[in-house]
Amino acid sequence: MKLVHATLLALAAALMAPAADAQTSYPDRPVRIIVGFTAGSATDITARMFAQKLQAAWSVPVTVENIPGAAGSVGGDRVAKAAPDGTTLYWGANGALTINPTLLPNPTFDPVRDLAPIARVLVMPSLLAVNNDVPARSVAALFALAKARPGQLSYASPGAGTPQHIAGELLKSLAGVDIVHVPYRGVNLTDVIGGRVTMTLQNMGAILPVVREQKLRELAVTSLARSPIIPELPTLAESGFPGFEAISWFGLLAPAGTPAPVIAKVHDEIVKVAAQADMRERLAQLGLDVAVSSPDELAAVIKTDIAKWAKVIKEANIKTDE
C-alpha cells in the first residue's frame, strides 16, 4: 500500500514539474507578438508599446511581427497554429476575434477553440460626429432628421465589416432609420468634413483631433459609460439607446494549450505595465482607456461579442470582400 502511495505521489510530482518549470524559467527565449495589421496602425503601435516594456522587464527580446490580412485574422491564424510554449503571442483587436468568425465566409481558426486568452488590455470607444452644417445638435435630433429624410442621410466608416460599420448597422436597426453606409479603406474624414457624407462613426483615437479642432461636431460616444478622455460627451446609452455599447478593444492571447503558469506570468506582467503612469498617459493621447481583464473575463467577452455581432451581421446581411 505504501508502495502504491509513493508511486502516485511520484507520478503527481512528475506531472506538475513541467508547469513549475514553465513558471520559474519563462521566458527564457525570445518572444514574438504577432499583429494582424500593418506597421503604423493602432494595433501595431500599441503592441510595440507593450513589447518594449515586456522586453525591459524580462531581459529577453520581445519583438512585434506584422502579418496583415483578412482584417487581422491571418495573424490570428498564425498564432493559433504556433507552438503553445509562450514564445508566440497575439495582440488581437476585437474585429478579428469577435466579428470575423461570422463575417468571413471561410474562417481559418476559431478564437474560442484555438486561442488561450491572457487579458483584454485596452478599450477605445467610437464617436458619432456630424458635418458642422447638419442642423442636429443631439442624437435625438439627428435621428428625427433621419426619419424625416429616409435614405438621404449617410454615414462613413473605416470599411465594410469594421467595428464601426457593425455599430452603425446596430444603431440604424435600433433607431428604425434608413441611413446609407459609405465605407472607406481606413480612416477618411474628408468627405464628412466637406459635407458629402452626413456623419461618421470612427474610433476615438482617429477622430478626436478633428473634433477638438471643431471640424466636425461630436454628438455621442459608443461606450456604455462616458470616456474619461472626453467626459463631457454623453453616451448613446444616455441618448435614447439604453444598454448600447460598441467599442474597439485590444487583447493579448496565446495558442490554445499554453501552460497556465505561462498565461499567469504574462498576465501579471501586463497588469504591471498597464499601471505605469507613462503608459497610461501615452495611451490616453491615442484615445485609449486601460481596462485589463482576467483571462476568464476575456474569454467571456469573446463569446458574448461573437453572438452579439453575429446577430447584427446576419440581420443586416453584411458582406465582405475578404
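How many salt bridges does the count come to? I got twelve, taking a salt bridge as a side-chain nitrogen of Lys or Arg within 4 Å of a carboxyl oxygen of Asp or Glu.

Ground rules first. I'm working on a predicted model, where local features need pLDDT of at least 70, side-chain atom pairs count only at pLDDT 80 or more, and totals for chains, interfaces and linings use all residues. I number residues from 1 along each chain as its sequence is written, and side-chain values use heavy atoms, with hydrogens and water left out.

Helix 2, residues 42–58 (helices here are DSSP runs of H or I, at least four residues). I found Arg48 and Asp44 in it, four residues apart, about one turn of the helix. Their side chains form a salt bridge at 2.8 Å, N to O. Asp44 is buried (under 20% relative accessible area; exposed is over 50%, partly exposed in between; 1.4 Å probe, protein chains only). Its value is 3%, while Arg48 is partly exposed at 35%.

Next I looked up Asp114 and Arg113, whose closest N and O atoms are 2.7 Å apart in their salt bridge. Asp114 is buried at 15%, but Arg113 is exposed at 57%.

Helix 12 (residues 295–316) holds Lys311 and Glu315, also four residues apart. Their salt bridge is 2.9 Å, N to O, and both residues are exposed. I also noted a network of Asp28, Arg29 and Asp85, joined by salt bridges that share partners.

Last, Ile33. Leaving aside neighbours within four places in sequence, I see it in contact (heavy atoms within 4.5 Å) with residues including Leu54, Val62, Leu89 and Trp91.

Technical notes:
Helix = DSSP H or I, 4+ residues; strand = E, 2+ residues; numbered from the N terminus.
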